[in-house]
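Subject: Structure for you to look at

Hello,

I am handing over the structure below. My notes follow it.

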Amino acid sequence: MNWLLVIAGAMVGAPLRYLTDRAVQSRHDTVFPWGTFTVNVAGCLVLGLVTGAVAAGAASSQVQLLVGTGLCGALTTYSTFSYETLRLAEGGARFFAVANAAGSVVAGLGSAFVGAAVAQAGWG
């Protein structure tokens, strides 16, 4: 039954990614992929929170499957991030390509650590 939790989370995460990406990107007139950047950083933050909550014993492994694996797995997108970074580099926007790659990694890791720290502070 664990796979049903993952599917249920993904059924929410995938449309949420699309809607968030479109809403964010429509507000920026730049080649930088702000929509993908936003969903990836938000997903890392939520995953950090869930992981911290599970580690502190405040959430079950079923919550981790539903929210962490399912929702965050479908919300975040490494393939789109890679495609957009490559497209920026090939299109001559090398600064934005490097900024996207470095910023996504740093912001993603940072938000995951912040999420885990907040969960530990709240439930640890």
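How many disulfides does the count come to? By the rule used here, in which a disulfide is a pair of cysteine sulfur atoms within 2.5 Å, the count is zero. C44 is in no disulfide, and its nearest cysteine sulfur, that of C72, is 8.2 Å away. C72 is likewise in no disulfide, with the sulfur of C44 as its nearest at 8.2 Å. C44 counts as partly exposed at 23% relative accessibility, while C72 counts as buried at 3%. The terms are set by relative accessible area: buried is under 20%, exposed is over 50%, and partly exposed is in between (1.4 Å probe, protein chains only).

Some background on the numbers. This is a predicted model, in which local features need pLDDT of at least 70 and side-chain atom pairs count only at pLDDT 80 or more, while totals for chains, interfaces and linings use all residues. Residues are numbered from 1 along each chain as its sequence is written, and side-chain values use heavy atoms, with hydrogens and water left out.

The overall picture

The chain has five helices and zero strands; helices (H or I, at least four residues) and strands (E, at least two) are DSSP runs, numbered from the N terminus. The C-alpha atoms fill a box of roughly 50 × 30 × 20 Å along the principal axes. Of the 124 residues, 30% count as buried. Contact means heavy atoms within 4.5 Å. Among contacts between residues at least 6 apart in sequence, 70% join residues at least 24 apart.

Helix 3

Helix 3 covers residues 61-75, and its buried residues are G68, G70, L71, C72, A74 and L75. These buried residues pack against helix 1 (2-25) and helix 2.

Helix 4

Helix 4 (residues 78-90) has 13 residues and reaches 18 Å from its first C-alpha to its last, close to the 18 Å expected at 1.5 Å a residue. The expected span is 1.5 Å times one less than the number of residues. Buried in helix 4 are F81, E84, T85 and L88. They cover an arc of only 100° around the axis, which puts them on the same side of helix 4; the arc is that of the directions from the helix axis to the C-beta atoms. On the other side, S79, Y83 and E90 are exposed. The buried residues of helix 4 pack against helix 2 (34-55) and helix 5 (94-123). After helix 4 comes G92, whose phi is positive, near 90°.

Aromatic rings

The whole structure holds six aromatic pairs. Rings of Phe, Tyr and Trp (its six-membered ring) pair if their centres lie within 6.5 Å; planes under 30 degrees apart count as stacked, over 60 as edge-to-face and the rest as tilted. Y78 and F81 form a tilted pair, 5.5 Å centre to centre with 50° between the planes. Being three residues apart in helix 4, Y78 and F81 are separated by about one helical turn. Y78 is exposed, with a relative accessible area of 63%, whereas F81 is buried at 9%. One aromatic cluster is formed by F32, W34, F37, F95 and F96.

S104

S104 is found in helix 5 and is buried, with a relative accessible area of 14%. Leaving aside its neighbours within four places in sequence, S104 is in contact with F37, F81 and A99.

Regards
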